[in-house]
Amino acid sequence: DFVAFKLPEGDAQIVVGPHSEVHGQTKEPNRVMVNFAVKSCQKTYEELKGRGVEFTKEPTPEPDGPVTIATFRDPDGNTLQLFEMTGPM
């Protein structure tokens, strides 16, 4: 009922899963935003959209940095983003 993401270095992990005391839609969808680094924001966006994911923001280059971001919500209303580096920071 959960998924764990092991970070490339060390023993750190990010674990996402249900909690017995939390149910239903989130009341603060932007409180925690998870960004998924992808090689191609556009390609991943198209693949997820083809699988029924509804995006709140299509892939868009950010004016303040060399990144492209697409935003969507998970079934509980939490904000998730696809994040593609398009140049050096």
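This is a predicted model: local features need pLDDT of at least 70, side-chain atom pairs count only at pLDDT 80 or more; totals for chains, interfaces and linings use all residues.
Threonine 71 counts as buried, with a relative accessibility of 9%, which is under the 20% limit for that class. The residue belongs to strand 5, which spans residues 67–73.

**Threonine 71 and its contacts**
- The side chain of threonine 71 makes a polar contact of 3.0 Å with the side chain of glutamine 81.
- Leaving aside residues up to four places away in sequence, threonine 71 touches Phe55, Thr56 and Lys57, as well as Thr79, Leu80 and Gln81.

**Aromatic residues**
- Three aromatic pairs are found in the whole structure.
- One of them joins phenylalanine 55 and phenylalanine 72 in a tilted arrangement, with 5.0 Å from centre to centre and 55° between the planes.
- Because phenylalanine 55 lies in strand 4 (residues 55–61) and phenylalanine 72 in strand 5, this pair ties together parts that are 17 residues apart in sequence.
- Both phenylalanine 55 and phenylalanine 72 are buried.
- Together with Tyr45, Phe55 and Phe72 make up one aromatic cluster.

**The largest pocket**
- The volume of the largest pocket is about 810 Å³.
- Its lining comprises 24 residues, of which Val16, Gly17, Asp74, Asp76 and Asn78 are the closest to the pocket centre.
- At least two lining residues come from each of strand 1 (3–6), strand 3 (34–37) and strand 6 (79–85).
- By residue class, the lining of the largest pocket contains eleven nonpolar, eight polar and five charged residues.

Conventions:
Residues are numbered from 1 along each chain as its sequence is written. Side-chain values use heavy atoms; hydrogens and water are left out. On a 1 Å grid over the protein atoms alone, a cavity is a set of points where a 1.4 Å probe fits but cannot get out, and a pocket is an open set with protein on both sides within 12 Å along at least five of seven lines; lining residues have an atom within 4 Å of a point. Grid points are joined across faces, edges and corners, and a volume is the space filled by probe spheres set on the points. Helices (H or I, at least four residues) and strands (E, at least two) are DSSP runs, numbered from the N terminus. Ala, Val, Leu, Ile, Met, Phe, Trp, Tyr, Cys and Pro count as nonpolar, Asp, Glu, Lys and Arg as charged, and the others, Gly among them, as polar. Buried means under 20% relative accessible area, exposed over 50%, partly exposed in between (1.4 Å probe, protein chains only). A polar contact is a pair of N or O atoms within 3.5 Å; within protein, one must be able to donate a hydrogen and the other to accept it, and residues adjacent in sequence count only if both atoms are side-chain atoms. Contact means heavy atoms within 4.5 Å. Rings of Phe, Tyr and Trp (its six-membered ring) pair if their centres lie within 6.5 Å; planes under 30 degrees apart count as stacked, over 60 as edge-to-face and the rest as tilted.
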